[in-house]
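Colleague: Could you walk me through how to read a few features in this one? I'd like the general idea, then the case at hand.

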Amino acid sequence: MSAIEASHTVDNTALLAELHAIVGASGVLQGADMAAYEEGARYGQGHARLVVRPANVEQVQAVVRLCAAQRIPLLPQGANTGMVGASTPDMSGTQIVLNLSRLRATCEVDAANRSVVVDAGVTLQELNDKLEPHGLWFPIDLGANPSIGGMIATNTGGTRLIRYGDVRSNLMAVQAVLMHPPGEVVELGRALRKNNTGVDWKQLLVGGSGAGAIVTQATIQVHARPTQRATALVVPASDEAVMELLQAMERDLGDWLAAFEGISGNAMQAAIDHVPNLRNPFAPEGAPDFAILIELEANAATKYSNLDLQEALNGFLEDQFESTIVNAALGNAQELWHLRHSISEGARALGKPIAFDVSVPRSRIMEFCRQGRALVARDYPFLTVVDFGHIADGGVHFNVIWRKDAAEPYDAAVVQRLRDAIYTMVVQDFGGSYSAEHGVGPHNIAYYRQFTPALLQQWADGWRERLDPQRLCGTVDLGVAK
C-alpha cells in the first residue's frame, strides 16, 4: 500500500488531537488558513491535508515519528520562496506541510571562528541583521528572503558566487531529523574548516530539495563585511568583448571582483518601464543592447593599504575604453543594484514569464544567449526574451515572456515545446545544466529524468532507500522513477 493510500485510512480527528499534543493547537493549520502554504513563489499549487508548524527540533522529531508510524507523507517547507515547486504540496490533499518557519530560536555567532549556528527557519535577512553588529555577513545575494533550511535544500547561489561560493561552499555542519530511523537526530560535521575524517555526509542533504531528511539547524561559515565597494554598469563593445573584459578583470582586479552580472537591453527596459523610481543610467541615450554590472569589494583599510577601490575601477575601465567597453555608468551602487534586482518585477509586468534558470560554461554564455534568442525569434516570434544573469559563473536567467499584448493567446502546449527546445539546447549542445541554482522540484523533474544518467539515478535511489524507505518526505524522488 502506498503512502498516499495509507494516509486516507487515518482518522483526521484523532490525527489532529495527536498533533495538537505535540505542537499545540496554534501550531496546526487547516482549511483556509493553509492557503499561503499551498502556493509557490512561481510554480506549484496544491492542497495540503494539514500544515504543521513545530517550534523546536523535539517537536519535529515527534511529528516525523507520528507520520512515519501512520505512513502520512510529509513536505518540508521553509519560507516557500523556491522557484521549482519543491516546497508546495501536490493536488492529492494527503500531504502534511511541515513548515519550519517557527524554528528560529538559535542564532549563535562565533565571531572569532567566523561562523554561526542557526536554526533552519531563520531567514537570510534575519541572519544578516544578527551578524551586522559583529561586522559579518552571509553574502549570498538574492532577490528573495529564503530560510536557511531552504537555502541548504536548494544549494542557493546568487550574484556574488564568484567571490564567496554557494551554500555548499560555506556549510560547515547540519543537524537533521531522519525519516529512518523515524525521528532520529544526526549531527553531520562540525564548526571546522578542516575535517578529513571520512565522507562528508552533510553534503548529501545539500540540493536534495528536502527529500529523505529534514534539516533543522546549520553551522555556516560567514564573512567579514566589506569596508569598500566600487560599482559600475558598463556597455561591452561586442559579445566577444564580454569574456575579454572578464578575463582582464580577473587578471588585474581579481582579488576584489565580487559580481559580474549581465543585463540585456530588454531586461533593463522592462524594469525601467514598470518599476517606480528607476531611471535609465545611460540617459539621455536609450538602454543599450547589453550591459554588465561590475562590483569590487575589499576589506582592506585605506589607513594601511592606500587602496581606493573606486579609483582602481575607474582607472581599469578607462584603460578598457574602445577595446572592450564603449560606455559606463559609475557611482551609485544602490541605484544600480536596484535596477538589477527589479528585472524580475519588470518582466512579470510585461506578461507571463516562462523562466529558464540555466548554466553553461561561461566561455559559451554569450553564444548560448544569441542562439536562444534566435530560436525564440524564429519559432515563437510572438514571445519576448528578457534575459539576465551571472556571467562570471556561467548562469543565466533566460526568461521568455508571453506578453499581455501578444498576438497569440497563451498555450501550455507551446510553452512545453519551448521548454523542451531550450533545455535540450542547454544540456546537449552546450554541455550545460537545466537548473543552475533553483534546484529540482516537480516543475523540472521530467528533465532530471531525461538528462541524468541512469547510473546516477540508481545511486540516488539507493541513497533515498536508506534515508526514507517509505518515500514519505519531500515532493521529488531523484532515484529511479517508480
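This is a predicted model: local features need pLDDT of at least 70, side-chain atom pairs count only at pLDDT 80 or more; totals for chains, interfaces and linings use all residues.

Colleague: Is Arg-471 buried or exposed?

Modeller: Arg-471 is buried, because its relative accessible area is 19%. You'll find Arg-471 in the segment after α17 (454-467); helices are DSSP runs of H or I with at least four residues, strands are runs of E with at least two, and both are numbered from the N terminus.

Colleague: What about the backbone there?

Modeller: In general, most residues other than glycine have a negative phi, and most peptide bonds are trans. Arg-471 is not a glycine, yet has a positive phi of about 55°. Asn-306 also has a positive phi of about 55° without being a glycine. Asn-306 sits in the loop between α10 (302-305) and α11 (309-320), and counts as exposed because its relative accessibility is 69%.

Colleague: Which peptide bonds are cis?

Modeller: The bond from His-180 to Pro-181 is cis, with omega near -5°, and Pro-181 is in the loop between β8 (171-178) and β9 (185-189). The bond from Ala-283 to Pro-284 is cis too, with omega near 10°; Pro-284 belongs to the loop between α9 and β14.

Colleague: How do I read helix packing?

Modeller: Two packed helices are described by the angle between their axes and the distance between the axes. Axes here are lines fitted to C-alpha atoms, for helices over the stretch in contact, and angles run from 0 to 180 degrees between N-to-C directions. Take α2 (residues 12-23) and α3 (residues 57-70): their axes come within 9 Å and cross at roughly 160°. The two are therefore roughly antiparallel, given that angles over 145 degrees get that label, under 35 are roughly parallel, 65 to 115 roughly perpendicular and the rest oblique.

Colleague: Which residues of α2 and α3 meet?

Modeller: With contact meaning heavy atoms within 4.5 Å, Leu-15, Glu-18, Leu-19, Ile-22 and Val-23 in α2 meet Gln-59, Ala-62, Val-63, Leu-66 and Gln-70 in α3.

Colleague: What surrounds a buried strand residue?

Modeller: Ile-294 in β14 (residues 290-298) is one case. Ile-294 is buried, with a relative accessible area of 0%, and its contacts, not counting residues up to four places away in sequence, include Val-234, Met-249, Phe-260 and Leu-313.

Colleague: Where is His-223 found?

Modeller: His-223 is in strand β11 (residues 223-224), and is buried at 13% relative accessible area. Not counting residues up to four places away in sequence, His-223 touches Arg-114, Trp-137, Tyr-164 and Asn-170, among others.

Methods. Residues are numbered from 1 along each chain as its sequence is written. Side-chain values use heavy atoms; hydrogens and water are left out. Buried means under 20% relative accessible area, exposed over 50%, partly exposed in between (1.4 Å probe, protein chains only).
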